[in-house]
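User: I am new to this structure and would like to be walked through it carefully.

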Amino acid sequence: MGKEITVAVMGCVVNGPGEASAADCGIAGGQGEGLLFKKGQIIKKVPQEQLVDELFALIDTL
């Protein structure tokens, strides 16, 4: 059985990571790009088309 984690999917790169700081990881969408974050700390900015793949890669590291 896997480990329980909390994943946040936010719509705003300005407030999203802070509002979802209790989540283990997540993404926040922007115009054409988004942010990948872990415990409210921004990990990196990625193009929109890579956002979901990058999120799953981050989840695999938890």
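The questions below turn to the sheet and then to one residue.

Analyst: This is a predicted model, in which local features need pLDDT of at least 70 and side-chain atom pairs count only at pLDDT 80 or more, while totals for chains, interfaces and linings use all residues. Residues are numbered from 1 along each chain as its sequence is written, and side-chain values use heavy atoms, with hydrogens and water left out.

User: Which residue in β3 does Ala28 stand opposite?

Analyst: Strand β2 (residues 25-29) and strand β3 (residues 33-38) pair in the antiparallel sense over five bridges. Across from Ala28, the residue in β3 is Leu35.

User: Is Asp24 buried or exposed?

Analyst: Asp24 is found in the loop between α1 (16-19) and β2. Buried means under 20% relative accessible area, exposed over 50% and partly exposed in between, with a 1.4 Å probe and protein chains only. With a relative accessible area of 19%, Asp24 is buried.

User: How many Å separate the backbone nitrogen of Thr6 from a polar atom of the side chain of Asp24?

Analyst: Contact means heavy atoms within 4.5 Å, and Asp24, leaving aside its neighbours within four places in sequence, is in contact with residues including Thr6 and Leu62. From the backbone nitrogen of Thr6 to a polar atom of the Asp24 side chain, the distance is 2.7 Å.

Note on methods:
Two strands pair if DSSP finds at least two bridges between them. Helices (H or I, at least four residues) and strands (E, at least two) are DSSP runs, numbered from the N terminus. A polar contact is a pair of N or O atoms within 3.5 Å; within protein, one must be able to donate a hydrogen and the other to accept it, and residues adjacent in sequence count only if both atoms are side-chain atoms.
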